[in-house]
Each structure stands twice: as C-alpha cells, then as structure tokens.
Amino acid sequence: MPKFFAGVDIGSTMTKVVIFSGRIEATIIGPTGPEHRKLANKVMEEALKKANILFEDLSYIIATGYGRINVPFADRQITEITCHAKGLHSLLPTVKTIVDIGGQDSKGIKIKDGKVVSFVMNDKCAAGTGRFIEIMADTLGVPLNDMGSLSLTSDRPASISSTCTVFAEHEITNQLAGGETLANLVAGIHMSVATRVSSMVKKLTIEPDVAVTGGGAKNIGLVKALEAKLGYPVLLPPEPLITGALGAAVLAKEIFEKYEREGQTPIRSPFGLQEAKIFS
Amino acid sequence: MPFYLGIDVGSGWTKAVLCEDMDLKSYAISPSGGDYRKAAQHVVDMALKKHGVSIDDIAYTVATGYGASMVDFASEKPSDMSCHAKGINMLFPGVRTVIDVGAQFTRAIRIDENGRIVNFIMNEKCAGGSGKFLQVTARILHVNIEELGRLSLESTKPVEFTTACAVFAESEAVSRISEGALPADIVAGIHKAMASKIITLANRVGLMPDYAITGGGAKDIGLVKAIEKELKASSYVAHEPQITAALGAALFRHRI
C-alpha cells in the first residue's frame, strides 16, 4: 500500500484539501466561511472519504494558507507562497513566474526548481484581488461564474478611474445608469484588476513561462486581461484553486521521505481530527 | 436683510443652509442618491419652506461639493474646502485644523484666523477611514448608524483590526463576530482603526490646535472620542456637523 499525505490550504474564501501518494488521490474545495476554525476537520473527513482511506492512513499532513494555524491535526504549517511554488512546479515545471489571484489577496512569485526566489504580495487593499471582482459582480447582478464569458463579448472595455473598491463600485453604478453595457463594464473591471496586479508583479522581473493560479484563473476574462497587461501568454493549471494544497501535500511527502532516509520519525501533531479550539 | 443660500452636494448627503445676512435661519439634509440635481432642489425647497421664504427672496446662491456642477441655479461654485474653512471659522474662530469625515472622503484642512486655507489633504484614492466604514459596520451588526457611537462607548475591549481597507475590515468584522466578539467591541475597534487612518492622513497637513471634527462622521460620538484620543486633544463638534460646508457656502459672499 502506498503512503498517503495531505495538504490543507485554508484560504480567505475557499478551503482546499489534497490527498497525495505520488499522484493526486482526492481533492476537495469548499467555502471557508466565517467559522473556518471549525471547518478543517470537516473538509478533511470528506477528502478521506473520497480517497477511501482513514485518517490514520495519512503519514504526514501540512497546513497552509491564511487559516493554517487553525488546523490542529496538521503536523506542520508552511506559508502559502512556498506551497504554491511547490504545487505549481509539480504541475507545470516550465513556469518561472506565478501570478496568484486569491479571494482576498494577490501575489507574484518567481520560482526556480519549485523553490521561491522572490515574491510580491498585496493583502492590504481589496483592489486587485478576487474580492474586487466579487463585489462588482454583486453590484451588477451578474453571477460570478458568468463574468469571464460576459467580458469576452465586450467591444470596448469601460474605463474605471477609481482604484479603491468602494469608489469603483459607485463609479460602476453611475456608468450603468449612464447606459454603459454590462459586457463593457465587466471587461473594464477585469482590466482594472489586471492593471493593478501587473504593475505589482512587474516589480519582479517577469520571466516566462507565466502561470495564473487561484480563483482568478477560473475567470477567462481576467486571464485575457492579464495576458494583455503582463505582455505574456499565460498557462493555467487544470484546477487552479488547489495549487497551494497540492504543494503542501507534495512537501508533506518530501519532508516525510527525508526523515525516513535519515532513519528518523517525524514528530506528529498530538491532535486527532477535531476542530480548532484556539484561533488567531 | 438679504437671504443667502448655500448648497453642498456631497457624495452621500446633500445639504442646504439658509442665512439671513450672517444668521443661520434654517437648513435641510437629504441623501444625494443618484440624481444630484433633484437632491439639491429637494433640500433647497425644504430649507426655504422651514423658514417660510421663496426662492425669489434669495439674494445669492452658492453651491459646493462633489456634485456642485449639477446645481445650475447657483451663482458661484467655490471648492468645498474653502466653504468648509469659512463655515468652521464662522462657528469656531479658534479652530486651525478641521478633520472632515464624509461618506466617502476624509480630509484635513489647516486654516488661518481668517478662515482661509493654509494647507489641506484629501483621501480620494482609498475609502479607508471614511464614513463607508460606519455604514458597513452598522449593516453587519444590524444596528442603525446613529447607534454606533453609544455602542462604542460601552466597549471594554476594542477588537484590534489588522486592516485599513473598508472591504477587508468588513470580512474581518464578520470573522470576529463569529468568534464571539461583542458588538460594542467591534464598533470600538472600527472607530479606533478609522481614527488611526484619519490621523495618519491629518498629520501630513501639520496638526495645529484648536481642532474641529465635521461631516457625518462627527455625529458619531465613538468616532469623535477615538479621534480625540489619537489627537491627544479635545475637539469642537458643531451641533449639526454635516452642514459646515453648506454654511460656509451661504456665507461665502460675506467673508472674502
């Protein structure tokens, strides 16, 4: 029987679990919600069920993401930047620059051999993150999943002068009242996010291949806008949400095997599959 | 004595002030909504009606604020900064620094003893620290925005917010509520985060006492106390802090 490993990525918006044995055995993606400390054990249970194994079958577990501290049963916590780089490298080995658009942040990561060389990050301001698109979709009454395809029908992206999400929301309402089409507004929204993200990522020297990950990669309109602003075609992993969780699982396997090679046993978390009692 | 009309079309609220010579006679405040022209007409009608005068009795009308360009019956449209400065100088002649917390914009204005602007700074790029925070907080706590101040003063342990972004503060507040934080501590934490952002901005104009706090934000006693704590000084707050710029506009002709 192969050895099983798990990566748990508690993002601001979505929680992801990957069970890994050298290949992906199971993946689970669910909303984080406000009570994320109570969630990790539940999504893990689901993932175990899907992989048809028991919690005791897991040899090593790594938690990552913004809520990684709230996974009591994880054996180790590793930052999402490191996990992202690792996960993406295992899927798309030619990639040197990662642009990650998450629900509440965005990042640029330069990688070499799956390791982080440098990174830039915005988690201070909602502009340039998935949240910006989410809020605008809500304002326009367009389902989030339709934003991408709708923006591709635009003939002239609306120009949105405000950077701030709060001000842009006002601006969009006014433009809509002024007769601007939904498609042009949505395309303008993607352009706004792409402009902000690309000016941040350009602080690193962008080297191809470039990949886009995170929830933002699921939005074809945003991906096209990013290609235009970054000046490079971009690669997309098959499931852009699980890169961090996959990286955590791959690292779990590597760390465990390193211990084994050295004839040691890694220290495991004393906690079983329970919800976090403490939170940060 | 001649009547003067001042109109301030703000991003959130539209205000009109009617003065007879230099005396405030009536005022009206109403949401700006999507149609600034209509909002301006509405507050003017209300203010005139309250004092029982007609538009024909008005000697001079001055409009200011974000949507002033829509007020086509105004004779003059000075900047809202200068109207603000004049309004506050009229009310509190000793004030040298005005901190204005509006629905979307926060600004600090340094003025001289004649109510002229020495320097000002306005946050127009980011809603951090603006009245938007209060709207969001009231909404997620299901309380009226007017109750926030009183609630804040009940707090014993304000929640520490890690963000200055209005959008992220909302999700942070939702998380803290789900973890059991008390509404009073959430509100006090929001006030503290706003005050810190506001004073960081105001510091750039060079703070000089006396201080006045104006705009819709000044109606929130919790926010006023939080700003005073950051200033390490007390401040003047007018009986109706939202009409400062409209008052300055009404008096604009008088005090050049």
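Predicted model: local features only at pLDDT ≥ 70, side-chain atom pairs only at ≥ 80, totals over all residues.
Residues are numbered from 1 along each chain as its sequence is written, while chains are lettered from A and ligands numbered from 1 in the order in which they are written. Local features need pLDDT of at least 70 and side-chain atom pairs count only at pLDDT 80 or more, whereas totals for chains, interfaces and linings use all residues.

**View 1. Chain A as a whole has eight helices and 10 strands.** Helices (H or I, at least four residues) and strands (E, at least two) are DSSP runs, numbered from the N terminus. The C-alpha trace spans about 65 × 35 × 30 Å along its principal axes. Two residues are in contact if their C-beta atoms, placed from the backbone, lie within 7 Å. Among contacts in chain A between residues at least 6 apart in sequence, 71% join residues at least 24 apart.

**View 2. An open sheet of chain A lines up five strands in the order 3-2-1-4-5.** The pairing in this sheet is mixed, and two strands pair if DSSP finds at least two bridges between them. Strand 3 (24-31) and strand 5 (76-77) of chain A stand at the edges; each has a single partner strand, so one side of each is left without a neighbour in the sheet. Strand 1 (residues 4-10) and strand 2 (residues 14-20) of chain A run antiparallel and are joined by six bridges. Look for Phe5(A), whose bridge partner in strand 2 of chain A is Phe20(A).

**View 3. His190(A) sits in helix 6 (residues 182-201) of chain A.** His190(A) counts as buried because it has 31 C-beta neighbours inside 10 Å. Not counting residues up to four places away in sequence, His190(A) touches Ser151(A), Gly221(A), Leu222(A) and Ala225(A). Leu150(A) is 40 residues away from His190(A) along the chain, and their C-alpha atoms are separated by 11 Å.

**View 4. Chains A and B meet through 15 residues from chain A and 16 residues from chain B.** Helix 3 (130-140) and helix 5 (165-177) of chain A each supply at least two residues of the side of chain A that touches chain B. Helix 5 of chain A gives the largest share of that side, four residues. By class, the side of chain A that touches chain B has nine nonpolar, three polar and three charged residues. Ala, Val, Leu, Ile, Met, Phe, Trp, Tyr, Cys and Pro count as nonpolar, Asp, Glu, Lys and Arg as charged, and the others, Gly among them, as polar.

**View 5. Chain B is divided into domain 1 (1-92 + 240-256) and domain 2 (94-237).** These bounds come from an automatic or database domain assignment. The C-alpha centres of the two domains of chain B lie 25 Å apart. Where they meet, 16 residues of domain 1 are in contact with 25 residues of domain 2. Helix 2 (residues 80-91) of chain B gives the most to the domain 1 side, with seven residues. The residues of that domain 1 side divide into six nonpolar, eight polar and two charged.

**View 6. Strand 8 (residues 211-214) of chain B has buried residues pointing both ways.** Tyr211(B) and Ile213(B) point one way, and Ala212(B) and Thr214(B) the other. Strand 8 of chain B pairs in the parallel sense with strand 5 (residues 97-101) of chain B over four bridges, and Ile213(B) is the bridge partner of Ile99(B). Strand 8 of chain B also pairs in the parallel sense with strand 9 (residues 235-236) of chain B, over two bridges. There, Ala212(B) has Tyr236(B) as its bridge partner.

Notes
Buried ≥ 20, exposed ≤ 12 C-beta atoms within 10 Å, placed from the backbone.
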